[in-house]
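Okay, thanks for coming, everyone.

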Amino acid sequence: MPNQTEPLFKAVGLSKEFGFGRQKTLAVNQVDLALEEGEVITIVGESGSGKTTLAKMILGLISPTGGEVFFRGEPRDISTYRKKLAYWKNIQAIFQDPYSSFNIFTKIDTVLLDCIRMRGNGNLPREKKREMMAEACSFVNLKFEELTNKYPFELSGGQMQRLMIARIFLLDPKILIADEITSMIDACSRATILDMLMELRDKIGMTVVFITHDVGLAYYVSDKVYIMEHGKFVESGTPDEVILNPKGDYTKRLISDVPKIYEEWDLSTV
Amino acid sequence: MLHTIKEVFRSPKFTIGLAIFVVMLLVVFIYPLIITDDPLDIIGLGTFFEPGIYVNLYDGLESKTYVLKLEDAAANRIASKLGEQERLDIQEYLLLAGVPEEEIDIEDTEKLLELWLNNYDPTVRFPGSTSAKRKYYARLDASLDGLLSTEAAIIAVKNEETGELEEKSLVKQDDYVNVSKVANVRVLPLGTDNFGRDMLTELVSATGVSLRIGLIAGLVATSIGLTLGLLSGYIGGWVDDVIMFITNLFIVIPSFVLLVLISYSIGQEQRGASTVAIVIGFTSWVWTARAVRAQVISLRHRDHVNLSKLSGHSVAHIIIFDILPYIASYVVMAFILQISSGILAEAGLSILGLGPKTTDVPTLGLMMNWAMIYSAHIMGKWWAYFPVIVVIALISFSLNLMNTGLDQVFNPTLRD
């Protein structure tokens, strides 16, 4: 049972070192992070600041070299395949590059069927599964009839990222890590995709962790913003606190590097 | 996927390589259906019969004769006995015997022979002439005997009661037989080897066996290398350490030395072609394992692998469906090269006398070994080793060509 007082996910002193000896680099350095149910947080930082490494540690794709991770108040245990499977039912991700996120030898149907199977619905009749896949696709404005028996690389980048959201729709996780999901997408599709993702969040009430270098995105979608520099959180708080009144030099520079922050950024019109 | 396969067949290098290979395969499969002789049958009593058409002389005499008046028949007959070299040798002898140089005309056959008959004396020893030279002149003298005669040869049968020869038939100099009418004619396009076996039949059979050895060796090497490379690359950690330790051990021991030692310890009688193939495969997986491992390491942190993990797939599923297809092209290329190097390794082993046992089936390496032991290369019996070399080179060439073609398709930066 979820512990009411504890956050859904908590990391204490999370660290990751790469290499050894003189080549040793500290990619993530003593990071504390707590995710409450249903909130949207953004981790902002430059390239190489350790955002993606942190995301992969949260996901359990790479193991941290220091610190502890708690999920639903208990220490996270992903030592075996079954435990990993149980953990990944709750935490999912969308990656930066849609072109490399899909196995080019696997058809779209298989990608979506895997999600249905992971939710334990692998034994449903074929028609029911197709119905679920069609529903997921129509949620992201894709037509399943056009996609069936196609390969992911036959789609555009924006369509692939929408397919990723359809995956999340079927998987229904508690936490979603969105690792720079719009950085490879053109500006028009970007707004559509963010729009769909936020709509999905409202629907299934998941926690979303945006990882981005886009301060504007952080300001407009998140409940909480973390600024990351050299593997450390240097500033955190609500978007108003952090972005409108930055304290640290690094944060100020990040914000000044953004060409222009629109006063009003309506996702539906961009 | 289908597109890639189409691309592969559009590559001229691959298609040429494949065509050569397929032609060889067809010959290997179809030839034994037509010529059903056992390739190890000893048909010739003697070593290294030259390539050619062998006509049974007895049947030839019995066959219907035709008379052909051909002007150059006599000249050809003389030329076959008395060639340019023989004429020069005769001149040399005559000079030693004291015949004035201006009297000798080596172009005039009749005069030359007359001089020879008048001056040749087998008992005379000229200073500086070796016994080999004297024997040569004795042989030459015998072969020239009756060269200019126009008499018919008599075929006689021995009367069993009286022991006298009775004339049966005459063979005149302008008698001919039609080869197709002679009962027994054997074509030996590549002659016979040192044991008197038909080289062509043996070569075709050996090519088949060698290809089989290459295929088995390639399969063994590729599957060991692939399995170890995948496990070590994907799982990492101590599994990687252990596998890499073993792999590095095999790398520092030269594989051919290992191959020789293992083959030697198995013993001649136990070494069938398949055993040798497996031993070759077992010693040549190392580079495949290392290369596969390197590729897997670069793949295992890709996003599609991460996504597959997040989709709840097991390690085996990820390795088979998310890693293997990405390195399949490389594995196919490595496999092709392993076949070719397996065939070469068998040839190398057999030349050292450590190949498959010799009583079972011929292999290309064994044929080279036999040719070498019986000094075919010193005696100029080219048909005993040259066709074998050509076949080995063709197999290697076609497989490497296919490999290069595949490389160009899968690795677009290499396209010209």
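By salt bridge I mean a side-chain nitrogen of Lys or Arg within 4 Å of a carboxyl oxygen of Asp or Glu. Before I go on, this is a predicted model, where local features need pLDDT of at least 70 and side-chain atom pairs count only at pLDDT 80 or more, while totals for chains, interfaces and linings use all residues. Residues are numbered from 1 along each chain as its sequence is written, chains are lettered from A and ligands numbered from 1 in the order in which they are written, and side-chain values use heavy atoms, with hydrogens and water left out.

The cut-offs: buried is under 20% relative accessible area, exposed is over 50%, and partly exposed is in between, with a 1.4 Å probe and protein chains only.

Over all chains, the search of the whole structure finds 13 salt bridges. Over in chain B, Asp37(B) forms one with Arg186(B), with the closest N and O atoms 3.4 Å apart. That pair links distant parts of the chain, 149 residues apart: Asp37(B) is in the loop between helix H2 (12–34) and strand S1 (52–55), and Arg186(B) is in strand S6 (residues 185–188). Helices here are DSSP runs of H or I, at least four residues, and strands are runs of E, at least two, numbered from the N terminus. Asp37(B), Arg186(B) and Asp198(B) are linked in a salt-bridge network.

Then there's Arg293(B) with Asp240(B), the closest N and O atoms being 2.7 Å apart. Arg293(B) sits in helix H12 (residues 286–300) of chain B and Asp240(B) in helix H9 of chain B, 53 residues apart. Both Arg293(B) and Asp240(B) are buried.

**Now the sheets**

Back to chain A. Four strands make an open sheet, in the order S2-S1-S4-S5, with antiparallel pairing. Two strands pair if DSSP finds at least two bridges between them. Strand S4 (residues 66–71) of chain A and S5(A) pair over two bridges, and Phe70(A) has Pro75(A) as its bridge partner in S5(A).

Chain A also has an open sheet of six strands, S6-S7-S8-S3-S9-S10, with mixed pairing. Its edge strands are S6 (91–94) and S10 (232–237) of chain A, each pairing on one side only.
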